[in-house]
Amino acid sequence: KMTQIKETNSIRYNLTYDVVFKETFTSSLKGTCDLLNKILNENIKEDEVMITSNELLGESVDVKNSLLDIRLNVLKRLDINLEMQRNRNYNYSLIERMIIYNSKMISESMNPGSLYQGKKCISIVFINFSLEGFEECVNIISYRKKDGKKVSKHEIYVIDLTKSDSCDNLELKRWLELIKSENPQSFKGESKIMDEVIKKVFEVNADEKIRARLDSQEMYAIDYNIAMGEAEEKGMQRGLQKGLEKGMAKGLEQGLEQGSRIKELEIAKNMKDMGLDVEVISKATSLSVEEINKL
């Protein structure tokens with residue numbers, strides 16, 4: 001059910017939410033093509049693009065993220081996967097996942113009857129957080145020799161939305177800023193294509209079924225963060241308690257050892273005052289002759 005939404009400057013869910021990202025760019029191929037052209041330096045046209053099945057063969061149905069967000073076929077020469085990753089809350093390597101996805105796409109794209117010949121496969125993942133080792137706004141993973149020479153046409157793009165300020169491609173920079181903006185209306189009027197995308201974002205936010213899915217995702221994320229925070233706090237408390245217990249035990253042990261030595265020194269001094277030979281005192285205690293002579 002699609003409802004009318006009042007024109008406001010803000011929205012609840014922007015394009016960093018994978019549901020909004022997918023619904024918007026699958027229904028606005030002009031926007032998708034324009035964004036791809038800015039990233040890939042291509043000239044892809046809307047009538048050249050077809051949305052294809054986002055399911056990868058052989059992917060486990062038990063894996064939550066087993067489906068690609070958006071998968072596109074461009075004139076049977078490009079196989080493109082677009083992914084949105086808003087949060088870093090995952091228990092797997094994002095880069096390894098993208099490599100696996102790209103590898104599966106390469107395998108599926110091979111032309112029947114040809115020897116390892118197929119479409120160029122490109123995976124593009126937008127991340128809304130910094131990822132260690134990826135310092136640029138647009139990071140490209142490709143197959144290269146040690147000397148830097150490229151040996152394969154396939155590529156993976158990791159686009160860090162948090163570093164959009166450093167993007168030297170001004171047109172792409174505006175797209176990235178729109179994607180992460182909570183106020184998409186501020187971009188209205190920049191281009192007809194952007195206006196179309198902005199309108200779709202508001203329509204998606206107004207769709208009750210989609211909002212229910214987004215609300216559910218948001219609650220799951222909040223619960224997950226709370227659970228992780230509580231687990232971390234409990235872990236710290238357990239660690240502190242163990243540390244205190246260990247410290248107290250060590251302190252007691254050292255205290256007993258110190259007390260025992262003080263007592264032994266007192267006994268040795270009394271024996272020495274009684275005129276006993278230092279050799280005899282040394283044998284009766286754990287003290288050396290030198291230690292006894294200093295008493």
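Trainee: What makes Asn169 a cap for the N-terminal end of α4?

Mentor: A side-chain oxygen of Asn169 lies 3.2 Å from the backbone nitrogen of Glu171. A polar contact needs N or O atoms within 3.5 Å. The value of 3.2 Å falls inside that cut-off. Keep in mind that this is a predicted model.

Trainee: Which residues of helix α4 are buried?

Mentor: Helix α4 covers residues 170-180. Its buried residues are Leu172, Lys173, Trp175, Leu176, Glu177, Leu178 and Ile179.

Trainee: Why is Glu177 called buried?

Mentor: Its relative accessible area is 16%. Buried means under 20%. So Glu177, at 16%, counts as buried.

Trainee: Why is Arg174 called partly exposed?

Mentor: Arg174 has a relative accessible area of 29%.

Trainee: What else does Arg174 form a salt bridge with?

Mentor: Arg174 also forms one with Glu190, where the closest N and O atoms are 2.3 Å apart. Arg174 lies in helix α4, and Glu190 lies in the loop between α4 and α5, so the pair ties together parts that are 16 residues apart in sequence. Glu190 is partly exposed, with a relative accessible area of 40%.

Trainee: What makes Lys38 and Asp34 a salt bridge?

Mentor: The N to O distance is 2.8 Å. The limit is 4 Å, so Lys38 and Asp34 pass.

Trainee: Where do Lys38 and Asp34 lie?

Mentor: Both lie in helix α2, residues 29-40. They are 4 residues apart, about one turn of the helix.

Trainee: Are Lys38 and Asp34 buried or exposed?

Mentor: Lys38 has 17% relative accessibility. Asp34 has 18%. The cut-off for buried is under 20%. So Lys38 and Asp34 both count as buried.

Trainee: How many salt bridges are there by this rule?

Mentor: The count comes to 13. Arg71, Asp79 and Glu108 are linked in a network of salt bridges.

Trainee: How many aromatic pairs does the structure hold?

Mentor: It holds 4. Tyr13 and Tyr17 form one of them.

Trainee: Why is the pair of Tyr13 and Tyr17 called edge-to-face?

Mentor: Start with the distance. The ring centres are 4.9 Å apart, and the limit is 6.5 Å. So Tyr13 and Tyr17 count as a pair. Next comes the angle. The planes stand at 85°, and edge-to-face means over 60 degrees. Therefore the pair is edge-to-face.

Trainee: How do you know that Tyr13 and Tyr17 are buried?

Mentor: Tyr13 has 1% relative accessibility. Tyr17 has 8%. Buried means under 20%, so both tyrosines count as buried.

Trainee: Which residues form an aromatic cluster?

Mentor: Phe21, Phe25, Phe126 and Trp175 form one cluster. Trp175 is also one of the buried residues of α4.

Trainee: How many helices and strands does the protein have?

Mentor: There are 8 helices and 6 strands. From the N terminus on, they run α-α-β-β-β-α-β-β-β-α-α-α-α-α.

Trainee: What share of the residues count as buried?

Mentor: Of the 295 residues, 38% count as buried.

Notes: Residues are numbered from 1 along each chain as its sequence is written. This is a predicted model: local features need pLDDT of at least 70, side-chain atom pairs count only at pLDDT 80 or more; totals for chains, interfaces and linings use all residues. Side-chain values use heavy atoms; hydrogens and water are left out. Buried means under 20% relative accessible area, exposed over 50%, partly exposed in between (1.4 Å probe, protein chains only). Helices (H or I, at least four residues) and strands (E, at least two) are DSSP runs, numbered from the N terminus. A polar contact is a pair of N or O atoms within 3.5 Å; within protein, one must be able to donate a hydrogen and the other to accept it, and residues adjacent in sequence count only if both atoms are side-chain atoms. Rings of Phe, Tyr and Trp (its six-membered ring) pair if their centres lie within 6.5 Å; planes under 30 degrees apart count as stacked, over 60 as edge-to-face and the rest as tilted. A salt bridge is a side-chain nitrogen of Lys or Arg within 4 Å of a carboxyl oxygen of Asp or Glu.
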